[in-house]
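Student: I would like to go through the terms used for this model and see what stands behind them.
Tutor: Then ask about the terms one at a time, and we will set each value against its cut-off.

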Amino acid sequence: MKFSTVGVIGAGTIGTGLITDLALHGLNVIAVDVSDAALERARSEVLKSIRFAPMFSKSLPRVSREDALARMIFTRELRDLTPCEFVIENVPEKWEIKRPIYELLDSFMPPAACFGVNTSCIPIARVAALTRRPAQVIGLHAMNPVHLMPTVEVIRGVQTSDDTIAKLLALFAQLGKQAIIVNDSPGFVSNRISHLFMNEAAAVLQDGVSTAEDIDKIFKQCFGHKMGPLETADLIGLDTVANSLDVLFDEFRDPKFRVCPLLRQLVAEGHLGRKTGRGFHTYPEA
Ligand SMILES: NC(=O)c1ccc[n+]([C@@H]2O[C@H](COP(=O)([O-])OP(=O)(O)OC[C@H]3O[C@@H](n4cnc5c(N)ncnc54)[C@H](O)[C@@H]3O)[C@@H](O)[C@H]2O)c1
């Protein structure tokens, strides 16, 4: 099984990484976003990442700018996805944004097409129930930056078929990626745990226990983590982290997932992390 054309809906932080990875590995990509500015930003970010990929990884394929451009279509039209065998959705972690996309997608995509839900916390069964092809809906939680991360958390919905899992694994094989398959539950494994870390790190900062730099240093220098929890939140996007905690709070009704007021405040002020140049830390290059 070899894929030639993959659809990507939502060309933000994770969608752009996915487009980069697909183009680097010789696949054609049709990328859809509601925003022309997001599509333009995604195109230039992909070209930049492809140019710098050899500096970050010796194992990634070398692709020219012309080759990459010939493989990518950027559009605002969801219906342009019709030729895709697999569509991966990456719009914000908000049910009211994700829901209408699946209802529409299901109405016009060929019956054999599979839908990959790139989500941080939303249960896959909820998304699958929006379609008439629940067996062909599968969850994936790709890590950022997608083209440099070797492993993806894959979520098997209660109705996801073995055939759909085999198709996603075949696609990952083309991308040189491994999968760890987990069962469906809000936040899966990674985010049910990691979002508590990030939220509590924000609370520790809010309480004046330490600085953002030192909180992250403790995780890096004492626990041997590559990144601290506040840097990780900045990389993910503070809006995405807060939205994900809201999903966890709604799903479990457990106050441990309540968003820390400092995190909420930074989002309200538009300080979303790396993508806006400021979050818990500042990023002058953004
Ligand atoms: N950021 C991460 O590290 C990360 C990691 C794994 C999974 N995720 C999940 O991936 C999804 C996307 O997250 P992100 O961080 O890339 O978000 P983002 O806000 O950076 O990007 C979302 C993109 O979707 C577009 N969009 C909004 N509504 C749309 C619509 N109706 N149709 C098409 N495009 C639309 C926006 O214009 C934007 O470009 C979320 O569900 C998130 O939880 C994120």
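This is a predicted model: local features need pLDDT of at least 70, side-chain atom pairs count only at pLDDT 80 or more; totals for chains, interfaces and linings use all residues.

Student: Which part of Val91 lies 3.2 Å from an oxygen atom of the ligand?
Tutor: A backbone N or O atom of Val91 does. For Lys275, a polar side-chain atom lies 3.3 Å from a ligand oxygen atom.

Student: How many residues are around the ligand, and which come nearest?
Tutor: There are 26 residues around the ligand, and Ile14, Asp33, Glu93, Lys98 and Ser120 come nearest.

Student: Which residues of α9 and α10 meet?
Tutor: Ala233, Asp234 and Ile236 in α9 meet Leu238, Thr240 and Val241 in α10. By class, this contact of α9 with α10 has 4 nonpolar, 1 polar and 1 charged residues.

Student: Why are α10 and α11 called oblique to each other?
Tutor: Helix α10 (residues 238-252) and helix α11 (residues 261-268) have axes that cross at roughly 130° and come within 9 Å. Roughly perpendicular ends at 115 degrees and roughly antiparallel begins over 145, so α10 and α11 are oblique. The crossing of α10 and α11 is left-handed.

Student: Which residues make the contact of α10 with α11, and what are their classes?
Tutor: From α10 there are Leu238, Asp239, Val241, Ala242, Leu245 and Asp246, which meet Leu263, Arg264, Leu266 and Val267 in α11. The classes in the contact of α10 with α11 are 7 nonpolar, no polar and 3 charged residues.

Student: What makes α7 oblique to α8?
Tutor: The axes of α7 (residues 190-206) and α8 (residues 212-222) come within 10 Å, and their crossing angle is roughly 140°. Roughly antiparallel needs an angle over 145 degrees, so α7 and α8 count as oblique. The crossing of α7 and α8 is right-handed.

Student: Which residues of α7 and α8 meet?
Tutor: Phe197, Ala201, Val204 and Leu205 in α7 meet Ala212, Ile215 and Phe219 in α8. This contact of α7 with α8 has 7 nonpolar, no polar and no charged residues.

Student: Is the peptide bond from Asn144 to Pro145 cis or trans?
Tutor: The bond is cis, with omega near -5°. Pro145 is in the loop between β6 (137-141) and β7 (151-156).

Student: Where does Phe188 lie, and what is its phi?
Tutor: Phe188 lies in the loop between β8 (178-183) and α7. Its phi is positive, about 55°, although Phe188 is not a glycine.

Definitions and conventions. Residues are numbered from 1 along each chain as its sequence is written. Side-chain values use heavy atoms; hydrogens and water are left out. Axes are lines fitted to C-alpha atoms, for helices over the stretch in contact, and angles run from 0 to 180 degrees between N-to-C directions. Helices (H or I, at least four residues) and strands (E, at least two) are DSSP runs, numbered from the N terminus. Angles under 35 degrees count as roughly parallel, over 145 as roughly antiparallel, 65 to 115 as roughly perpendicular and the rest as oblique. A crossing is left-handed if the near helix is turned anticlockwise from the far one by less than a right angle, and right-handed if clockwise. Contact means heavy atoms within 4.5 Å. Ala, Val, Leu, Ile, Met, Phe, Trp, Tyr, Cys and Pro count as nonpolar, Asp, Glu, Lys and Arg as charged, and the others, Gly among them, as polar. A residue is near a molecule or strand if one of its heavy atoms lies within 4 Å of it. A polar contact is a pair of N or O atoms within 3.5 Å; within protein, one must be able to donate a hydrogen and the other to accept it, and residues adjacent in sequence count only if both atoms are side-chain atoms.
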